[in-house]
Amino acid sequence: GAIDESIKFYERAMDIFSHHLPQHSTSVATVKRDLALSYGRKGHTDKAVELITESIEMNKQHLPENHPETAKSLVVYGFILCKKGDLNEAGVHLQSGLSILLKTLPTSQPTAVGKNTLHCCCSLYYFLLAQSYICSCQKQPCIGLDLLHCTGANWQTHNNT
């Protein structure tokens, strides 16, 4: 299905990137993150963990501290750990990613569509994705995006600072 197709696409991208980009390229880290997410969704969590830890390490080495790309990889790592059943460790990574993403979201509405708006939407997407993973890991319903937490969860984020 669609997940198998995405795995083929990302593996092909990795093959191309390995021949044309430096191994420490953040583009390589992004493809590793997306490939890890696809493997995680497919249930191949060992392969997914290998790829996502490489992505996180690459981002930490080559991007500034608390960069949104690192946060996105942390969210994906949390999802994969959740799929493996390691809920406490999943929560640590999801919360870490959320904490970084919260800092990247603007406090006011954007006035024009541009690169910053796209970045904001992408950060918001991963923010909401992390919230969804937190809720599904805890097997709790998400209750309203304004509250941004799950009922009964041991670890929650509803801090809007």
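His 93 is buried, with a relative accessible area of 14%. This residue belongs to helix H5, which covers residues 87-104. The model is predicted, and the protein chain holds 6 helices and 0 strands.

**Overall make-up**

- Along the sequence, the elements of the protein chain read α-α-α-α-α-α.
- The protein chain has 161 residues, and 46% of them count as buried.
- Of the contacts in the protein chain between residues at least 6 apart in sequence, 52% link residues at least 24 apart.

**Surroundings of His 93**

- When neighbours within four places in sequence are left aside, His 93 is in contact with Leu 74, Val 75, Tyr 77, Gly 78 and Leu 81.
- His 93 counts as buried because its relative accessible area is 14%, and the cut-off for buried is under 20%.

**H1 against H2**

- Two packed helices are described by the angle between their axes and the distance between the axes.
- For helix H1 (residues 2-20) and H2, the axes come within 9 Å and the crossing angle is roughly 155 degrees.
- H1 and H2 are therefore roughly antiparallel to each other, since angles over 145 degrees fall in that class.
- The crossing in which H1 passes H2 is left-handed.
- On the H1 side, the contact is made by Ile 3, Asp 4, Ser 6, Ile 7, Tyr 10, Glu 11, Ala 13, Met 14 and Phe 17.
- On the H2 side, the contact is made by Ser 27, Val 28, Val 31, Lys 32, Asp 34, Leu 35, Ser 38, Tyr 39, Arg 41 and Lys 42.
- Sorted by class, the contact of H1 with H2 has 10 nonpolar, 3 polar and 6 charged residues.

**H2 against H4**

- Helix H2 (residues 26-42) and helix H4 (residues 68-84) have axes that come within 10 Å and cross at roughly 20 degrees.
- That angle makes H2 roughly parallel to H4, because the class takes in angles under 35 degrees.
- H2 passes H4 in a crossing that is left-handed.
- From H2, the residues Thr 30, Arg 33, Ala 36, Leu 37, Gly 40 and Arg 41 meet Glu 69, Lys 72, Ser 73, Val 76, Phe 79, Ile 80 and Lys 83 of H4.
- The contact of H2 with H4 contains 5 nonpolar, 3 polar and 5 charged residues.

**H3 against H4**

- H3 packs on H4 at an angle of about 160 degrees, and their axes are 9 Å apart.
- H3 and H4 are therefore roughly antiparallel to each other.
- A left-handed crossing describes the way H3 passes H4.
- H3 contributes Thr 45, Asp 46, Ala 48, Val 49, Ile 52, Thr 53, Ser 55, Ile 56, Asn 59 and Lys 60 to the contact.
- H4 contributes Glu 69, Thr 70, Ser 73, Leu 74, Val 76, Tyr 77, Ile 80, Lys 83 and Lys 84.
- By class, the contact of H3 with H4 divides into 8 nonpolar, 6 polar and 5 charged residues.

- Asp 46 is placed in helix H3 and counts as exposed, at 57% relative accessibility.
- Asp 46 and Lys 84 are 38 residues apart along the chain, with their C-alpha atoms separated by 8.7 Å.
- Thr 70 is placed in helix H4 and is buried, with a relative accessible area of 5%.
- Not counting residues up to four places away in sequence, Thr 70 touches Asn 59, Lys 60 and Leu 63.
- Asn 66 sits in the loop between H3 and H4, where this residue is partly exposed, with a relative accessible area of 37%.
- Although Asn 66 is not a glycine, its phi is positive, at about 60 degrees.

**Confidence**

- The protein chain has a mean pLDDT of 74, with 65% of its residues at 70 or more.
- Among its elements, helix H3 (residues 45-62) has the highest mean pLDDT (95) and helix H6 (residues 115-137) the lowest (55).
- Over residues 110-121 the pLDDT is below 50, and beyond near neighbours in sequence this stretch has 6 contacts in the model.
- Residues 141-161 also stay under 50 in pLDDT, and the model gives them 47 contacts beyond four places in sequence.
- Where pLDDT is low, the predicted coordinates should not be read in detail.

Definitions and conventions:
Residues are numbered from 1 along each chain as its sequence is written. This is a predicted model: local features need pLDDT of at least 70, side-chain atom pairs count only at pLDDT 80 or more; totals for chains, interfaces and linings use all residues. Side-chain values use heavy atoms; hydrogens and water are left out. Axes are lines fitted to C-alpha atoms, for helices over the stretch in contact, and angles run from 0 to 180 degrees between N-to-C directions. Helices (H or I, at least four residues) and strands (E, at least two) are DSSP runs, numbered from the N terminus. Angles under 35 degrees count as roughly parallel, over 145 as roughly antiparallel, 65 to 115 as roughly perpendicular and the rest as oblique. A crossing is left-handed if the near helix is turned anticlockwise from the far one by less than a right angle, and right-handed if clockwise. Contact means heavy atoms within 4.5 Å. Ala, Val, Leu, Ile, Met, Phe, Trp, Tyr, Cys and Pro count as nonpolar, Asp, Glu, Lys and Arg as charged, and the others, Gly among them, as polar. Buried means under 20% relative accessible area, exposed over 50%, partly exposed in between (1.4 Å probe, protein chains only). pLDDT is the predictor's confidence in each residue, from 0 to 100.
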